[in-house]
Amino acid sequence: MKKWLLFGFICVFGNVHAEGENLEQYTTSVYTDHVQHFHKLFKQKKISTFLEFGLGEGTKYFVQHCDRVISVELLCSDDRSWFERCQKELIDYSNWEGIFVQAPDIIKEANRVAHAPGNLLSKISYLKELRDLCDEIFAQFSLDTIDLVFVDLDIHLRGDLVNIMMEKNIPIVAAHDTNPPIHSHRFDKVTSHPQYKVFHFSKGAGLTLWVRKDCHDVIRCLQKTDCIPNGFKK
Ligand SMILES: C[S@@+](CC[C@H](N)C(=O)[O-])C[C@H]1O[C@@H](n2cnc3c(N)ncnc32)[C@H](O)[C@@H]1O
């Protein structure tokens, strides 16, 4: 009996301690303050295949909580140093795979003018190229298996990527840094999609989730958290 009590104590204390320690480490960095919000969802709902645009310290949390994690490093340069540094840290996780993609010139140009005065972005035709690029990336695995796409990359066209993921019918689309000013990553470009409900976590830099309306279990889980339904403000 004593042995079982001791075993139970070690399991419960060990788990709480480990979770608390890890979350604190993630919450104190602006790069990873989204983890505290994902944690609320993951505690209730298993996310099997997780795809992220942009990788970093938070990826370690994802590989520890999801069955499969695909990290896409989509950059406007050929600088692989950050990708390779993360690769070294993640190499022991057999459920992780990384893809490095250098954006074509038209995406580089769109990224460059994303913040320029005079709404230059609307004068460039780059969306077809961005869609084609996503198709090339997705051709490397079965799109049907992706449960969640997380948009947190170093390119400002995050709003467009959120739209493309909803067009692709991804069950859950998430994006980081969605607190105002939303212009900085061009989240002003996100369009409302009739098949999706929006949930917003405002703590930190902000995490917004667009959840397909038929994912009733995910919606129920989110409603039990401190997120704000329709709380993403354009
Ligand atoms: C905000 S970070 C991605 C964070 C990632 N989603 C996470 O959870 O850790 C976005 C991009 O910034 C770039 N980056 C460069 N230096 C970085 C650094 N020291 N920490 C994090 N990201 C860095 C990388 O290209 C990376 O993909």
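## Around Val 173

Leaving aside neighbours within four places in sequence, Val 173 is in contact with Val 149, Val 162, Met 165, Met 166 and Trp 210. This is a predicted model. The largest nonpolar core has 57 residues. Val 173 is among those that touch the most other members, together with Val 149, Val 151, Val 162 and Ala 174.

## The sheet

Eight strands make up an open sheet. Their order is S3-S2-S1-S4-S5-S7-S6-S8, and the pairing is mixed. Strand S3 (96-102) and strand S8 (228-229) each have a single partner strand, so one side of each lacks a neighbour in the sheet. Strands of a sheet pair through backbone hydrogen bonds, in either the parallel or the antiparallel sense.

S1 and S2 run parallel and are joined by five bridges. Within S2, Arg 68 is the bridge partner of Thr 49. Strand S6 (residues 196-201) and strand S7 (residues 207-212) are antiparallel, with six bridges between them. Here Phe 199 has Leu 209 of S7 as its bridge partner.

S2 is also mostly covered. Seven of its eight residues are buried.

## Helices against the sheet

Helix H7 spans residues 158-167 and is mostly covered, with nine of its ten residues buried. Among them are Val 162, Met 165 and Met 166, which are also contacts of Val 173.

What do the buried residues of H7 pack against? They pack against strand S1 (49-53), helix H6 (127-138), strand S4 (148-151), S5, S6 and S7. Just after H7, Asn 169 takes a positive phi of about 70°.

Helix H8 (residues 216-223) lies across strand S5 (172-176), S6 and S7. Its direction is at about 145° to S7.

## The ligand shell

Which residues come nearest to the ligand? Of the 15 residues around the ligand, these are Gly 54, Gly 56, Gly 58, Asp 152 and Asp 154. Helix H3 (58-65) and strand S2 (68-75) are the elements that give two or more residues to this shell.

Note on methods:
Residues numbered from 1 in each chain as written. Predicted model: local features only at pLDDT ≥ 70, side-chain atom pairs only at ≥ 80, totals over all residues. Core = buried A, V, L, I, M, F, W, Y, C linked by C-beta atoms within 7 Å. Buried ≥ 20, exposed ≤ 12 C-beta atoms within 10 Å, placed from the backbone. Contact = placed C-beta atoms within 7 Å. Pairing = 2+ DSSP bridges. Helix = DSSP H or I, 4+ residues; strand = E, 2+ residues; numbered from the N terminus. Axes fitted to C-alpha atoms, helices over the stretch in contact; angles between N-to-C directions. Near = placed C-beta within 6 Å.
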